[in-house]
Amino acid sequence: MPAWRIVVGSDDAGFDYKEVIKKDLEANGLVASVADVGVDADGHTNYPTIATTAAEMVARGEADRAILVCGTGLGVAVAANKVKGIRAVTAHDSFSVERSVLSNNAQVLCMGQRVIGIEQARRNVREWLTYVFDEASASNDKVREICSYEGI
Ligand SMILES: O=C[C@H](O)[C@H](O)COP(=O)(O)O
């Protein structure tokens, strides 16, 4: 199991959950490091800036994965997916979180503070850390097809 380098980010609508999740990550033995790209408590940076900044860190190999929180988890996913090589998903249930890694090899998990309860969000993150994509699995052909569409 890798020791994950995680980047977290949110807009002001996702700030409270981002802070709770950040603390959980810092206390989790599967996590090597946590970088925070904002927002701060009084920050109002729009979600596309936060999401693309975090996704670029993953794309450059400076982080392994990212957790992004906005009001719905939708905008951050749309924005993060604009970064080449990034597979970002919005997932609020345990099964989708699992499949986002095992089927889609998604590096970015997005959630919505206005959609999901904090305890389910925390559980999703705990479980997400335990999943590792298997490149020998039948899912890899499909992920490769996405990469090939992007020219990578
Ligand atoms: O997807 C967007 C997010 O939910 C964001 O937090 C709120 O965006 P809005 O202010 O445009 O509704």
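Predicted model: local features only at pLDDT ≥ 70, side-chain atom pairs only at ≥ 80, totals over all residues.
Now show what lies over them.

Check the length of the helix next. Select residues 47-59, the 13 residues of α2. At 1.5 Å a residue they should span 18 Å, and the end C-alpha atoms are 18 Å apart, so the two agree. Step past the end of the helix to Gly 61. Gly 61 follows α2 and has a positive phi, near 85°.

**Strand β5**

Select residues 108-112. This is β5, and five of its five residues are buried. Which residues lie on each side of β5? Val 108, Cys 110 and Gly 112 are on one side, and Leu 109 and Met 111 are on the other. Both faces of the strand are covered. In a regular strand, side chains alternate between the two faces of the sheet.

Strand β3, residues 65-70, runs parallel to β5 and pairs with it over five bridges. Zoom in on Leu 68: its bridge partner in β5 is Cys 110. Then select residues 88-90 for strand β4. β4 and β5 also pair in the parallel sense, over three bridges. Here Ala 88 stands opposite Val 108.

Show helix α4, residues 94-102, with β4 and β5. Together the three make a β-α-β unit, and the unit is right-handed.

**Gly 71**

Move to the loop between β3 and α3 and pick Gly 71.

Leave out residues up to four places away in sequence, and Gly 71 touches Ala 13, Gly 14, Gly 112, Gln 113 and Arg 114. Gly 112 is one of the buried residues of β5. For a distance across the model, draw a line from Gly 71 to Ala 136. Their C-alpha atoms are separated by 36 Å, and the two are 65 residues apart along the chain.

**The ligand**

Finish at the ligand. Select Asp 11, Ala 13, Tyr 47, Cys 70, Gly 71, Thr 72, Leu 74 and Gly 75, the residues around it. Colour this shell by type: four residues are nonpolar, three polar and one charged.

Note on methods
Residues numbered from 1 in each chain as written. Buried ≥ 20, exposed ≤ 12 C-beta atoms within 10 Å, placed from the backbone. Helix = DSSP H or I, 4+ residues; strand = E, 2+ residues; numbered from the N terminus. Pairing = 2+ DSSP bridges. Right-handed = clockwise from strand over helix to strand, strands pointing away. Near = placed C-beta within 6 Å. Nonpolar A, V, L, I, M, F, W, Y, C, P; charged D, E, K, R; others polar. Expected span 1.5 Å × (residues − 1). Contact = placed C-beta atoms within 7 Å.
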